[in-house]
Amino acid sequence: MSKTKANSEKSSKSSRTKKNSQKAEKQAILEQTLQYEKKIYDLEQLLDIAKSFCSTLDFDNLLESIVYISMAQMHVLGAEIFVRDMISSDQLILATSKDKFNNRQPVTIPAISPVTEKLLEIQRPISLEELKKAVSPCDTLNTIETLSPTSIVPLIQKTHLNGILILQERIAIEDDTTYTEYEENQLMSIASLASVAINNAILLEMSSTDMMTHLKLKYFFFNSLTEKIDTAITMDHNVSVLMFDIDFFKKFNDTYGHECGDFVLIGVADLIKSNLRDSDIASRYGGEEFTVLLDKTEKEEALLVAERIRSKIQDFDFVYNEQHLKVTISGGVSMFDTNTNPVISPAVLVKQADAALYMSKSGGRNQVTFFDPAIHSGQEKAE
């Protein structure tokens, strides 16, 4: 081989090596760029998630948002969430689906158990198989297993466990349903944001809820009613207010004691709430009085709801210390209407329902009366 030919081959080989090196370098830069772009995209997603959580103060809507966002981000077909029970802080309550348990009672697990202690210790997502190896068999583990988790995520607020997020069946990506370390870190970022939002929502819920009846407080009711009336004026629809008062309530306290009175209040509150839609708002207005906000509800439907509640309470068997108590309520209904009753003040609308309630009591109690602005205005002029 001539020296010229050898030098040519050497130069060609060197050129190919250089090109391959440049190609590999470009490929590495491209892969690194894609990784950075993904991280930037994920950070933008987390920012959007944080905004979403912060803008949702309603407790149930927040939990729903956490579940659906987690499902979308982690490509799972279902998710459930346990949160700390506001009434009994030593329990975590399943706040989402209860279908797998075939009962209507709340599904709870202890706030302090080998499972929760392990989750608080590791502070990261864990599979059911890992958890089974880490803790001894127990009821809490059995309850979680019933939910078919692919990942069990602790929701941690400072030094305590706020809840547990359960991710269920995962959509297979190339037959691989495991979570990468990067995905687990993303999941914990979402969990951290969720935990802070849950804590804030719980504080708001507790400050706006009557802890005995679990209904909203008066000021929350008025704030909600103000918003609904403002919307109703713009959208030209109706808003109805129901007001109830327990008939002869004082006799329960005088005859059986104040614990009996509390028992009756709680029972009536439960029956009121169980006969409403999720979008309706029931409040303990004060003492033995209750109010209900029915959005986008006209006279006939509002009266139907009020009458159903009155009837359910009348027929319910209140048993206190083996004593069967007869409990009835009187009700009043008022309705905002841009044509027939265009009141813009929530206080006036509630006052109208109260006036109708007074008519029910004056007429013999255990009945519901509708406030008709035309008729009542005529009565006031006659007086």
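This is a predicted model: local features need pLDDT of at least 70, side-chain atom pairs count only at pLDDT 80 or more; totals for chains, interfaces and linings use all residues.

I then looked for its charged partner and found that the side chain of Arg310 meets that of Glu307 in a salt bridge, at 2.5 Å from N to O. Both residues lie in helix H10 (residues 299-315), 3 residues apart, which I note as about one turn of the helix. Glu307, at 33% relative accessibility, counts as partly exposed.

Next I turned to the other salt bridges, for which the count comes to 13. I looked up Lys132 and Glu145, whose closest N and O atoms are 2.8 Å apart. This pair links distant parts of the chain, since Lys132 sits in helix H4 (residues 128-134) and Glu145 in helix H5 (residues 139-146), 13 residues apart. I recorded Lys132 as partly exposed, with a relative accessible area of 38%, and Glu145 as partly exposed too, with 33%.

In helix H8 I found Asp254 and Lys250, 4 residues apart, about one turn of the helix, and joined by a salt bridge with the closest N and O atoms at 2.6 Å. Both Asp254 and Lys250 are exposed. I also noted that Asp245, Asp247 and Lys361 are linked in a network of salt bridges.

I stayed with helix H8 (residues 249-256) to see how it packs, and found its axis 6 Å from that of helix H9 (residues 258-274), at an angle of about 140°. On the H8 side the contact is made by Phe249, Phe252, Asn253 and Tyr256, and on the H9 side by His258, Cys260, Gly261, Val264 and Leu265. Sorting the residues of this contact by class, I have 6 nonpolar, 3 polar and no charged ones.

My last entry concerns strand E8 (residues 289-295), which is mostly covered, with 6 of its 7 residues buried. Which strands pair with E8? I found strand E6 (residues 239-246), antiparallel to E8 over 7 bridges, and strand E7 (residues 281-286), antiparallel to E8 over 5 bridges. Within these pairings, Leu242 stands opposite Val292 of E8, while Arg284 has Phe290 of E8 as its bridge partner. I looked as well at the hairpin of E7 and E8, where 2 residues lie between the strands and Gly287 takes a positive phi near 55°.

Technical notes: Residues are numbered from 1 along each chain as its sequence is written. Side-chain values use heavy atoms; hydrogens and water are left out. Axes are lines fitted to C-alpha atoms, for helices over the stretch in contact, and angles run from 0 to 180 degrees between N-to-C directions. Contact means heavy atoms within 4.5 Å. Ala, Val, Leu, Ile, Met, Phe, Trp, Tyr, Cys and Pro count as nonpolar, Asp, Glu, Lys and Arg as charged, and the others, Gly among them, as polar. Buried means under 20% relative accessible area, exposed over 50%, partly exposed in between (1.4 Å probe, protein chains only). Two strands pair if DSSP finds at least two bridges between them. A salt bridge is a side-chain nitrogen of Lys or Arg within 4 Å of a carboxyl oxygen of Asp or Glu.
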